[in-house]
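Hello,

Here is the structure for you to look over.

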Amino acid sequence: MRVVVQNDKSWAKGVALGAWGSARLGLTVLALAAIASGCAQTGGTGTRPAAGQQPLDAPPARALDHYATKLRASYAVRAAAARRWGLEKVPLTPPAPPARKPRITTREGFEVEDHRALRLPPVFTTVPTSKKVVFLTVDDGAEKDPAFLRMTRELGIPYTAFLSDYLIKEDYGYFRRMQATGVTLNNHTLHHPYLPALSYARQKREICGMQDVLAERYGRRPVLFRPPYGSYDRATLHAAKACGIRYVPLWNEEVFADRWEYREGDRELRPGDIVLTHFRGPAHWKGSMPDMVRRFLDRVTAAGYAVGRLEDYL
């Protein structure tokens with residue numbers, strides 16, 4: 001069908017007035033139909049999406065918009081919590097856990113005799129990753145501060161606990177509440193002894209005994225073990241393996257309520273570093289556990305690091 005335009009004079013001269021009126025009515029109907037069709041496909045905006053794009057009311061676009069809305073809401077909650085707990089900046093969101101877990105090996109200089117040949121658990125201070133992520137670990141269980149549980153939950157900060165029974169037995173419920181927030185409760189021996197001074201049999205009782213406590217009280221035997229004081233020998237790792245332990249994470253930095261301490265001389269964070277702290281309060285520290293978390297997060301965030309969950313990388 002030929003479309004008539006205003007300057008098409010040859011066509012206009014050959015058409016009678018009645019015929020022109022009829023044709024104009026027909027074109028008007030066609031135009032209205034086309035507009036209605038276009039609106040239906042563009043969601044009423046009058047503009048078609050570019051080639052290869054989905055209209056906004058398509059399921060993928062709606063899903064993407066919903067995801068973006070959730071991210072904004074999550075950040076707003078995190079920002080409000082950061083202000084409430086006195087942080088300098090909002091903690092960074094950690095990267096997604098790796099689909100393929102890194103291979104964990106013993107750090108050079110931390111081996112015992114026949115470490116690899118006997119397939120003893122690896123002893124490490126850093127997780128192999130190129131991502132700017134560090135891992136917070138908390139030892140023993142002496143301080144049981146409810147504010148620490150609230151702060152880490154509201155900020156969404158993951159951490160890994162290593163517990164000793166002689167310190168947690170006065171309040172198993174505190175650590176059950178901790179476990180309910182997604183924290184893994186791991187082995188730090190029954191009585192926190194200096195293990196290299198003990199026989200193999202006594203070391204095994206300390207480690208396997210704590211496995212029994214954790215299984216009875218919290219429903220699982222962990223695969224992570226941290227020797228008290230970071231001290232171990234060949235018998236320690238033999239005993240740990242016999243008790244079901246697969247990993248022995250130590251640490252590269254330690255954070256307190258009022259300071260940091262570093263294993264490396266340059267005093268710098270590195271991707272994958274494990275950070276140690278303790279369940280301690282004003283009776284032992286110059287501050288509370290929330291003070292420690294604040295110092296930890298301010299340093300980590302300022303250096304461009306997020307806090308990840310250690311178990312996601314093992």
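Rings of Phe, Tyr and Trp (its six-membered ring) pair if their centres lie within 6.5 Å; planes under 30 degrees apart count as stacked, over 60 as edge-to-face and the rest as tilted. This is a predicted model, where local features need pLDDT of at least 70, side-chain atom pairs count only at pLDDT 80 or more, and totals for chains, interfaces and linings use all residues. Residues are numbered from 1 along each chain as its sequence is written, and side-chain values use heavy atoms, without hydrogens and water.

One aromatic cluster is formed by Phe-148, Tyr-159, Tyr-174, Phe-175 and Phe-279. The count is 10 aromatic pairs. Tyr-172 and Tyr-218 have ring centres 6.5 Å apart and planes at 70°, so they pair edge-to-face. They are 46 residues apart: Tyr-172 is in helix α6 (residues 172-180), Tyr-218 in helix α7 (residues 200-218). Helices are DSSP runs (H or I, at least four residues), numbered from the N terminus. Both tyrosines are buried, meaning under 20% relative accessible area (1.4 Å probe, protein chains only).

The two helices pack at about 75°, axes 11 Å apart. Axes are lines fitted to C-alpha atoms over the stretch in contact, with angles from 0 to 180 degrees between N-to-C directions. α6 and α7 are therefore roughly perpendicular (65 to 115 degrees). Tyr-172, Phe-175, Arg-176 and Gln-179 of α6 meet Val-213, Arg-217 and Tyr-218 of α7; contact means heavy atoms within 4.5 Å.

Best wishes

Key:
Buried means under 20% relative accessible area, exposed over 50%, partly exposed in between (1.4 Å probe, protein chains only). Angles under 35 degrees count as roughly parallel, over 145 as roughly antiparallel, 65 to 115 as roughly perpendicular and the rest as oblique.
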